[in-house]
Each structure stands twice: as C-alpha cells, then as structure tokens.
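Please keep the model open while reading.

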Amino acid sequence: MSDPESYEIFAVKYGSMVENRFRRDNFILADDHAAPMPIDYYVWAIRNENRTLVVDAGFDYAEAEKRGRKVDRLPRDGLEILGIDAATVEDVIITHMHYDHAGTLDDFPAARFHVQDAEMQFATGRHMCQQPFAMAFTCDHVVGMVRRVFEGRVVFHDGDEEIAPGITVHKVGGHTMGMMFVRVLTKRGWVVLASDSTHFYENLEATKPFPIVYSVADMISGYDKIKAHAESGSHIIPGHDPLVLARYPALNSATEGIIGRLDVDPKG
Ligand SMILES: [Zn+2]
C-alpha cells in the first residue's frame, strides 16, 4: 500500500421518500412495523488536492417517478454545488448496482466505474430471474454498466482493495452479492462510507437487518466488518439515514439539508 493521504468527504443528498415509507420497509424484526420512517438518497464526494472521487451515481427524475420517490436535484447538480464537474470525474465507486446507486452513469462520461466482481455476477446472473432480487435493480442501468465493461471503463475488484492512497473498498455482500463499503482517511481518522452495508444507524447499532437482502448472515457479519474498519461509531456513515445531515455540519448555510461535511466531527 502507498503512503495514505487524507481527504475531505461530503454527503450530497439528492432525493428522499417521506410519505409511504415505514419501519417495516427498513427493518426485519422492527419493533413497530407501522410507524413512519423516511429515507434519504445520497451520493458522496471524496477529494483532496490530488484527486476527486465520487461514490455512487444515484438516480434521475424518471426513475423517481417510476418508483414513487422524489429527486430534489440530479446527483451531478448536487456535486456541482461543491464545484465538482461530473463530466470530468475520473473515478466513480459503485458500492452496488441497485437503481438508487447506479442510475446516472451517463453523467460521468470521463469516469472509470469501480465494481466488485460478485456484484456484476449478481446483476447479470441467475438471481435476476427472481423478483425479490431483481426488484431493486433497473435493467437499463445494468445494461449501461455492461456497455462500459466493453468500453474498458469498469475496474473490477475482488474483496478488499486500495483505490487510491487513503481510500480502500471492502466487500461485505449481504444486501447484494457484491455490496462493498468505502473507507477513507480524513484528518479525524478513518471514516467508513457504509453505503447500503447499513442503510440507517439503527440497522447496525441494533442489529436489525434491512429487508432487501441477498444474505442476512453476510449482512449481519458486515456490521462487524464496518465497525472493525472505522475509528469509532461516529466514523460510520450509513447509506440512507436522514440523521446524517442532522448530525454533521453543512458545507455552508446555503447547503443546510443538502450537503454534509463528513471529515469533521459530528455536531455536539
Ligand atoms: Zn440504496
């Protein structure tokens, strides 16, 4: 491994589902299945003076309409608030290929996409004949990724690998066959961008697995792997929790509720 560098990290919220989202949608073994529990949709930006990487590609307005979600801004427009031009980003880490993470690949025309071998196998293989596994994928997104394989623009990973000095990916499976999280060195230590290896803080903290799942066993082992790779509990960033923007300072007063700064300690 090369000498690690440290980075700024930002959570960029691009959408949400507030109505019609309940605890039963977020937890197996939830204590109160009928209580409302909104979900937020994010992409993440990692940058220092040497490079800028994006984690996940979100989805667009048409996809939101189809699935009853709300997109506030395209992921590329959220990144633009940070001064990041999606058209020039060279590396996009796709933590898994579900519709809400692999949907705007066309907005990153210069990028290589980092994916686990097992995720491509999952998204193009036998399990997609089964609705419980296929429902969270969008065929056109998967086909788009396959096209990029043939263009030589997909970087495959198998397990735990370094992407750049101070940035590593870690396969956990569980939610999907090739689900991975990203670990980033910051000035406050190693932060884990868990993405959907834990959707909410509560999945991991209370060991309540998320209902869309390939392997419950791997999902639960994944919680331990996340904890082992983060400096502390407050260095773990779940993939969909509205609490993230409540706990971390905004980039500035104009981006309150849109962009959270994750390389600094949570507020209070
Ligand atoms: Zn997701």
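## Basis

Helices (H or I, at least four residues) and strands (E, at least two) are DSSP runs, numbered from the N terminus. This is a predicted model: local features need pLDDT of at least 70, side-chain atom pairs count only at pLDDT 80 or more, and totals for chains, interfaces and linings use all residues. Residues are numbered from 1 along each chain as its sequence is written.

## Helix 6

Helix 6 covers residues 139-150. At 1.5 Å times one less than its number of residues, its 12 residues should span 16 Å. The end C-alpha atoms lie 17 Å apart, which agrees. G152 follows helix 6, with a positive phi near 75 degrees.

Most residues other than glycine have a negative phi. N20 has a positive phi, near 60 degrees. N20 sits in the loop between strand 1 (8-17) and helix 1 (23-26).

S195 also has a positive phi, near 45 degrees. S195 belongs to strand 11 (residues 189-195).

Burial counts other C-beta atoms, placed from the backbone, within 10 Å of a residue's own: buried at 20 or more, exposed at 12 or fewer, partly exposed in between. N20 has 10 and is exposed. S195 has 28 and is buried.

Strands pair if DSSP finds at least two bridges between them. Five strands form an open, mixed sheet in the order 8-9-10-11-12. Strand 8 (161-164) and strand 12 (236-238) are the edges; each has a single partner strand, so one side of each lacks a neighbour in the sheet.

Strand 10 (residues 180-186) pairs antiparallel with strand 11 over five bridges. R183 stands opposite V192 in strand 11.
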